[in-house]
Amino acid sequence: MAKLFAVTVILIAIGSAIPILMHTFVPPVDISTHGPLIDEQMSETMAEAGISFLAAQIILGVFVWKFSRTQGRIGSFPGGARGLVAAAVILVGVEVFALGAFGARAWAGIYFTAPGPNAMRIQAQAGQFAFYFRYPGPDGKFGPLHPDLINEGTQNFFGLDPDHDPEAKDDIVTAELAVPVNREIHLLMHAKDVGHSFFVRELRIQQDFVPGLDVSVHFTTNKVGRYEIVCTQLCGLGHYNMKAYLNVMSQADFDAWLKQQASQQ
Amino acid sequence: MTIRYKITAAFSALVLFALGALVLSTNVSAAGEGKITGTVKFTGTPPHERPIDMSKEPYCQKLHASNPVKTENVVVGPDGSLEWVVLYISEGLSGSAASAVSSEKPKWDQKGCQYIPHVMALDANQHFLVTNSDPTSHNIHPLPKAGGGNNQWNKSQPPGAPPIDTSWPGEEVAIQVKCNIHPWMHGYMAVVKGPNAVTDEKGAYTISGVPPGSYTVTAWQETLGTQTQKVTVAAGKPATADFTFKGK
Amino acid sequence: MHDMHVPAVHHHAPPQGFIRKHVFSLDHKVIGEQYYGLALLAVLIGMVLSWIMRLHLGWPTLSIPGLQLLSKNGAPGGIPTPEYYLQLMTMHGTFMVFFVLTTAPFAGFGNYFLPIQVGAEDMPFPHFNMMSFWVTFVAFVVALAAFFVPDGPPLSGWTGYAPLSALGAVAGPGQGLGQVLWAASLAIFCVGQLLGSLNFISTTLDMRCKGMSMMRLPLTVWAWFITSAMGLTAFAVLMPACILLILDHVAGTSFFVASNLVVNDQLQPHSGGSTLLWQHLFWFFGHPEVYVAIVPGMGVVSHVLITNMRRPMLSHRVLIYSMAALAFLSYMVYGHHMFVSGMNPFSSIVFSFPTLAITIPSTIIVLIWIGSLYGAKLRINSASLFALGFISLFVSGGVSGFFLAQPSLDILLHATYFVVGHFHFTMAIAAIFGIFAGTYFWFSKVTGRMMNETLGKIHFWFTFVGAYSIFMPFHYLGIAGNVRRYQAFVDDYLQPLLGVHKFITVAALVTGAAQLIFLYNLIYSRFRGPKAPQNPWEATSLEWTIPSPPPFDNFGGKLPVVYHDPYQYGIEASSGDYVMQDSPEQVQTVHDEK
């Protein structure tokens, strides 16, 4: 039975590693300028975690195989407890802190830099169970929000009052997040009701919407295409179907799109 | 069985029969002959109805690709006719006509990520069926005013689920119905006493089953508010009440 | 430490009558059994809930037979609605985390064996102990009651994130009364755990018999002691958080609800609350809770392994210090649940380093286990198989922590099935393996009968292979970007992954069904199993020095005296290769290796 356990553990370990080595399950291709650092960090972590995983499982299996129902005196691990503790502290300590330090670099690239002065500001609003987006229009200013005016039946998703607020007059509200490619976007995130999250796998961005606290992220895309935006913070019964699309367009296409959207307001 | 039980049983049966007869008689007398008809019009510039972007639900978006759906807050026909106006008798009904409950079971369908119909008029306690004709889940979330006779509820209906059969116990004009999964979906259920109608795409309506008498007819529109008119219904002769709502 | 104060032995008569003996019992052993029974009931419910969820995820249009009888609203025609799925998910998490993973390995085994292993005849506060169980039972009933209120249980997950959990019925089905019942249940549960932890700590510190120094305590006692210290502080934070949440519902306060929120086009009458406050309070409890679930399992596994390896661990002390380090660090890492929550991104970096550092004590523990196997004379039985399985699963769950400890990778993996796989391996299935190891090991002591070893081994193989088949693919799904807490995968992106979900569902059904073998073995052996000798595993600790089942006052009115460290194996003594802790026999004993 010990041998069966040893073989099973080793087979499970190797079997578990195969889909990873074959790249059967991988994140979709990155479309952001900050993404390569994250992807690199991911493969490094995978390598270190994978080696630790395989080593531990295989050694466990080998020891169980070798040391069951043995005869004679009890043996002892060469190096003893002190050796193992030293190995854990030095090997694993160095490994994880190196990962932490390099990982912090990837994180800092997104969160510790300010958006450039030319970043395009777009507001994203999350509510049960849809995203809506607002572009400031030609005046470059967002009109103030009046939560009491929100009425989804009349499609006033943000609570704008264009009759009284001149800045709100030219605001463009859309259900799709269209952005020009290679342009830095500063996304201002506003939660209407409960917590939500903005996750675009290809964009390597995941950030919660916090009710009562407007947060922002900034990013630059480098590939034209249509990508899914999903909600990853449990927000209620429609959570599974809370999504929108990120539409990365050429500048010309984007200008035309924005013009068409403006005409429909 | 003792004689006393027999008497009790016989008496109970009698009471039940009497109650049944009472209920039946109300239904019979409610089907009176009188009618109120008319049209509802809109003058002025109708508000801009925005097209609805349904990209969130690809099935519905595809369905309406050639003819995008617009909001239905004020639906005005080419000749100024106003659709989706609820008409009901707010004063003058008495007795059985007031307490009559229609036995019709109207359908409130969710189709193409829209409510069909957009506005529905019902009697209090009249049953209706909520159905889902879409291959996606909708949640039906009516929002009656707090403290009234009706309680808010919120239920999902996955594709293929059986219809929901329910009713509203209290009068209320009108209960907004929302789908949170598709936030643009909204409609109204007007719960009233006695006969009622909703205008069609020509702005026309007919309230039937009105016994002869003098009444106040109220017209309700979701964003334009209410108007009233006094009418007199004579036997065999329909009364007419036309309404005109003014835009800004 | 040897001349400590030994409490006087009170000779009290065992209670008479069914109620005093089996229901409102003051006996720590009966209370331990009651906790175990409660966990068994809760795990059955939790497992059925997970089956319904799995079936629905694998076959979204399947009408699950009989489900519409269970909930007409939740599953019209037998197909779960989106809200019903989330409600089942919430209750699955709540039952499993609180009423299974906290009660069985900690309160269940701990209550039964901690006093015996320290050489005491009961806990110092038996009335508190009885209360702790019945309070926990009330908490269970309150949580269960949420199924029977009109809108059903809450749908906000076992983490109950505000403001979804604080806004009331307007936020969704179950968010009104159901959510209040949920919060009340947890608050009550905390009271039970606080009373229990208090007893565990005072028993360990004050009730040890003569000769039982702290370092002579078995690793199980150390694990329960460390867990109690964690429980005392963690549950003391969850309870007020739940009370504040209830106040937001019933008293119109706004602790967790910010101003100007609009739900269903209605401006909410709340202002000034903080969304992140709930997350901070919850995870300050929640992360230590993970260790509350797993540390007792580490103790049980060490205890079982040592007995079956016929040798002590390479270092008793290092294991104890490492478990204490885990507990200590567990308070400093909770922020890793909140990397993308909107808290200051600088905090994420600060929280990521202690999170990575917690790998070090975990690795030491695993290395000591594996290193101790070297040169051992391992005996394979159901208990030791489950203990070895625990190590394998804990390693698998541990390495995925490398990823989740890093904020930059959390961007890709947060809220995906990767996280689900990670915590199911570590706190869920590994802890369950600890429970199984403890059950197969101690069953004979509790009942006086042996469990069937063949059935035990069959149970192990199904469960071990099954656990990997279920939870390893979760990691793959997560890497590919499969978001968790979705009741259906409606978008094109996730469609190709449906096959993996089907595979997981089948594995979950088979593995779950295999648990019936365990249930049968447990019940059959309880009544029909062969009579057990007093010390079938040739173990050394105090529970094996007394008859099976133990008498009412454990040691027959005469408290033991301890002469040895707990794990004196691999030596030459008159009884064989081991010497009991209470044996005055002078032999060459083993000490920690350097």
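A: A residue counts as buried under 20% relative accessible area, as exposed over 50% and as partly exposed in between (1.4 Å probe, protein chains only). B:Asn139 has 0% relative accessibility, so it is buried. This is a predicted model, in which local features need pLDDT of at least 70 and side-chain atom pairs pLDDT 80 or more, while totals for chains, interfaces and linings use all residues. Residues are numbered from 1 along each chain as its sequence is written, chains are lettered from A and ligands numbered from 1 in the order written, and side-chain values use heavy atoms, without hydrogens or water.

B:Asn139 belongs to strand β7 of chain B, residues 138-143 (helices, H or I, of at least four residues and strands, E, of at least two are DSSP runs numbered from the N terminus). A polar atom of the B:Asn139 side chain is 2.7 Å from the backbone nitrogen of B:Asn180. For the backbone nitrogen of B:Ile181, the distance to a polar atom of that side chain is 3.2 Å. With residues up to four places away in sequence left out, B:Asn139 touches (heavy atoms within 4.5 Å) A:Leu237 from chain A. Its contacts in chain B include B:Tyr115, B:Asn154, B:Lys155, B:Ser156, B:Lys178 and B:Cys179.

Next, the aromatic rings. Over all chains there are 75 aromatic pairs (Phe, Tyr or six-membered Trp rings with centres within 6.5 Å; planes under 30 degrees apart are stacked, over 60 edge-to-face, the rest tilted). One of them joins A:Tyr135 and A:Trp257 edge-to-face, at 5.6 Å between centres and 65 degrees between planes. The two residues are 122 residues apart, A:Tyr135 in strand β2 (residues 130-135) and A:Trp257 in helix α5 (residues 251-263) of chain A. Both A:Tyr135 and A:Trp257 are buried. C:Phe386 and C:Phe433 are also edge-to-face, because their planes stand at 65 degrees with ring centres 5.0 Å apart. This pair links helix α12 of chain C, which holds C:Phe386, to helix α14 (residues 417-447), which holds C:Phe433, across 47 residues. C:Phe386 is buried at 0% relative accessibility, and C:Phe433 is buried with a relative accessible area of 0%.

Last, the contact between chain C and chain A. Chain C gives 103 residues to this contact and chain A gives 104. The interface has one salt bridge (a Lys or Arg side-chain nitrogen within 4 Å of an Asp or Glu carboxyl oxygen). A:Arg73 and C:Glu572 form this salt bridge through their side chains, 4.0 Å from N to O. On the side of chain C that touches chain A, helix α12 (residues 382-404) supplies the largest share, ten residues.

Key. A polar contact is a pair of N or O atoms within 3.5 Å; within protein, one must be able to donate a hydrogen and the other to accept it, and residues adjacent in sequence count only if both atoms are side-chain atoms.
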